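Here are a few notes to read alongside the model.

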Amino acid sequence: KIEATLRNSGTKNIHQHLAFTVAPAASGETLKSMEFDCDVPPGDTIIKTEIKIENPHLWDINNPYLYRLSLRNTNAKDNSIDERSVGFGFRDFRFENGSFRLNGRRIFLRSAHSCNNYPIGQRLPIDPDQARRDLLDMKVMGFNAIRFIWGGALPYQLDLCDEIGLMVYNESFASHPQGMENASIVFQRFDRTQLEMIRRDRNHPSIIIWGLLNEAGDIPYFKHTVAMLPSFRSIDNTRMIILNSGRGDYQPSIGSLSNPGSIEWEHLLGNESPTASKTHSYEDMGDVHIYPAVPQTAEFTQRIRDLGKISKPIFLSEGGIGSSVDLWRVTRQFERFGKEEAEDAKFYKDKLDKYLVDWEQWK
């Protein structure tokens with residue numbers, strides 16, 4: 001299914017000749033094409049059509065096969081040409097029969113999550129390649145997915161994920177509503193942020209999940225998001241959508257996920273069911289976050305292992321005890337760049353100072 005937006009910035013109708021072609025991204029030989037004429041009025045016009053590819057080569061984590069769709073737009077009057085192309089892939093990802101499945105094959109998500117923040121530049125790394133190297137390192141270490149939390153992936157990161165076969169669980173800046181006021185402008189911004197991210201990124205086959213919220217409580221923001229599912233489906237009906245990672249709303253009567261093609265929040269995890277009561281036990285929830293204390297006890301380890309034993313499967317969408325940071329090296333790196341006053345630099349310097357106090361006291 002093809003959807004292309006043509007923009008006529010003039011004041012009169014123009015007659016255009018459109019030519020669509022589909023080809024493998026690597027080799028480029030045309031597999032299918034179609035051409036037709038159309039009149040384009042001033043403003044934006046959405047053109048919808050279909051091209052059928054027989055027996056498509058599926059995109060997979062071990063063989064990330066990509067196609068490319070090109071559109072050549074010719075003005076019949078002066079023969080001027082505009083041409084655009086976009087990569088895409090064929091694949092199916094869903095939760096079915098008690099497990100995640102990629103192209104029908106049961107798969108275990110080996111994933112970490114990233115806020116996509118970088119020293120000094122925050123959202124923009126000093127070296128743009130740093131944002132790519134992180135993903136290549138993950139693939140080499142054996143991860144098969146990454147969750148981009150609180151802001152989503154950069155477009156060129158998604159290009160790389162498409163190419164190396166790294167699945168993506170993507171969230172927008174609007175996914176973290178803590179402190180949000182119950183005001184119509186907040187809901188409008190949420191809708192615009194979510195929907196425009198989906199429109200921008202929906203051609204990337206590496207994106208398997210749209211995440212809407214993270215640890216949101218039972219607040220108006222959450223209720224608004226629950227009701228937005230049909231709007232999301234109107235622009236992308238092909239992906240899994242996860243409602244509220246960590247389920248801080250504690251309402252298992254609302255399902256945690258919606259599979260491709262579904263317009264319902266499905267009760268497929270934990271003790272979720274339409275008649276379930278509100279609960280604060282993560283053993284009853286379908287999507288949980290677990291950060292154990294250190295040192296982790298054997299009893300707590302067993303509690304994690306028992307998740308889902310007496311219920312439907314439970315999705316552990318966050319877990320762990322954080323990371324070990326080389327505080328000396330990180331602090332010196334900020335000094336090397338002359339950025340000791342950067343927010344991150346002060347944060348790590350404070351942690352280093354406190355660590356050194358503990359080191360001296362505890363010998």
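**Notes on cysteines and helices**

1. The sulfur of Cys-161 lies 16 Å from the closest cysteine sulfur, that of Cys-115, which is too far for a bond. A disulfide here is a pair of cysteine sulfur atoms within 2.5 Å, and by this rule the count is 0 disulfides.

2. Before going further, please keep in mind that this is a predicted model, where local features need pLDDT of at least 70, side-chain atom pairs count only at pLDDT 80 or more, and totals for chains, interfaces and linings use all residues. Residues are numbered from 1 along each chain as its sequence is written, and side-chain values use heavy atoms, with hydrogens and water left out.

3. Helices are DSSP runs of H or I with at least four residues, and strands are runs of E with at least two, numbered from the N terminus. Gly-165 follows H2 and has a positive phi, near 75°.

4. Elsewhere, H7 (residues 327–336) and H8 (residues 343–362) pack at about 145° with axes 9 Å apart; axes are lines fitted to C-alpha atoms over the stretch in contact, and angles run from 0 to 180 degrees between N-to-C directions.
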